[in-house]
Amino acid sequence: MTETPTSGRSTTRRLAEVAKKVGVSEATVSRVLNGKPGVSEATRAAVLTALDVLGYERPTQLRGQRARLVGLVLPELGNPIFPALAEVVGGALAQRGFTPVLCTRTAGGLSEADYIDMLLEQQVSGVVFAGGHYAETDAPHGHYHRLLELKLPVVLVNAATEGLNFPRVSTDDQVAVEQAFGHLISLGHERIGMVLGPEDHMPSRRKLDAFRAEMARAGLTFDPEVIERGLFSIEGGQAVTTRLVKRGVTGIICASDVLALGAIRAVRRLGLSVPEDVSVVGFDDSTFMNCTNPPLTTVRQPIESIGRTAVTLLVNQMEGTAGSTEELLFEPELVVRGSTAPAKTRSA
């Protein structure tokens, strides 16, 4: 049973917990809980957030106010790009007096819809989604439409399906493919392939469209056999890359660094080497990609800018500023390392 910090025999202890959490005196906490003046808005907000985090009910007169909690919904933590994004978003929220509530989907665990139910019960002030079902056309979207109806502040990180009119911040997939493809072409590769996510995955669709355009620009004929799709995992990347290499592909662009690591493993299992026989380009520039063997050439997502902008858009909605639902596209950066090299000269 949830307790209030102003009732029962352990009032002093509970006030002390809240005061310690915020770094203020118990008297200050008491003034906030009793609605008395003499406390700054920042301190008042911090005390109310501490109540929510510690699991105490707010006093009746304060229950109508939303908690200064923000949901951060991620698909996983195994891919290093998501913990990196969580760190940026969490830090930016903390600077504005909000506390992130991390919600990560796991096999057999809570679904996105379950997490939304939980977050709404906690009266969160808003939600940031990254890599969620909004990017999958065949996934359930009912919980997003519910948030639209409730007009709760929400921001989506990266491409979304049609009809989800939330503010969005994304890496420009077209520019990413232009950079990766142009790099491989400059190294003399002509048989270039792609490893993408599932067919209903919107960022992968965008990358494929950009790839087709780059093929045409380079005067090359598009061959569907140079495109493979797999799960966003090392195993997924390995399985599909084996097929690409057997079809004569010498340069591979992957939709994530994790897929790229699987691609490198596949090349080695075939008795070949990266980059001497096959060049591999990743996407994300996740942590430690400069420490792999060989260090991974990849397209770096501007995670710092994306995360901070997502928080700004979210807070603007909370403050009643009319936010545009136009997607903000951030330009990525090609980072050339050791997993790419000139294509081998074909024997006459």
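Here are a few questions and answers about this predicted model.

Q: How many disulfides does a search of the whole structure find?
A: A disulfide needs two cysteine sulfur atoms within 2.5 Å. The sulfur of C291 is too far for a bond, because the closest cysteine sulfur, in C254, is 19 Å away. Searching the whole structure gives a disulfide count of zero.

Q: Is C291 buried or exposed?
A: To count as exposed, a residue needs over 50% relative accessible area, while buried means under 20%. C103, at 0%, is therefore buried. C291 has a relative accessible area of 58%, so C291 is exposed.

Q: What does helix α11 reach from its first C-alpha to its last?
A: Helix α11 covers residues 303-318, which makes 16 residues. At 1.5 Å a residue, a span of 22 Å is expected. The model comes close to that, with a reach of 23 Å.

Q: Which strands cover the buried residues of α11?
A: The buried residues of α11 include I306, A310, L313 and L314. Residues three or four places apart in an α-helix point the same way, because there are 3.6 residues a turn. The cover over the buried residues of α11 includes helix α4 (81-95) and also the strands β1, β3, β4, β5 and β11.

Q: Which are the edge strands of the open sheet of six strands?
A: The strand order is β2-β1-β3-β4-β5-β11, with parallel pairing. An edge strand pairs on one side only, and this holds for β2 (99-104) and β11.

Q: What is the bridge partner of L156 in β5?
A: Strands β4 and β5 run parallel and are joined by two bridges. L156 has its partner in β5, and that residue is R168.

How values were computed:
Residues are numbered from 1 along each chain as its sequence is written. This is a predicted model: local features need pLDDT of at least 70, side-chain atom pairs count only at pLDDT 80 or more; totals for chains, interfaces and linings use all residues. Side-chain values use heavy atoms; hydrogens and water are left out. Buried means under 20% relative accessible area, exposed over 50%, partly exposed in between (1.4 Å probe, protein chains only). Helices (H or I, at least four residues) and strands (E, at least two) are DSSP runs, numbered from the N terminus. The expected span of a helix is 1.5 Å times one less than its number of residues. Contact means heavy atoms within 4.5 Å. Two strands pair if DSSP finds at least two bridges between them.
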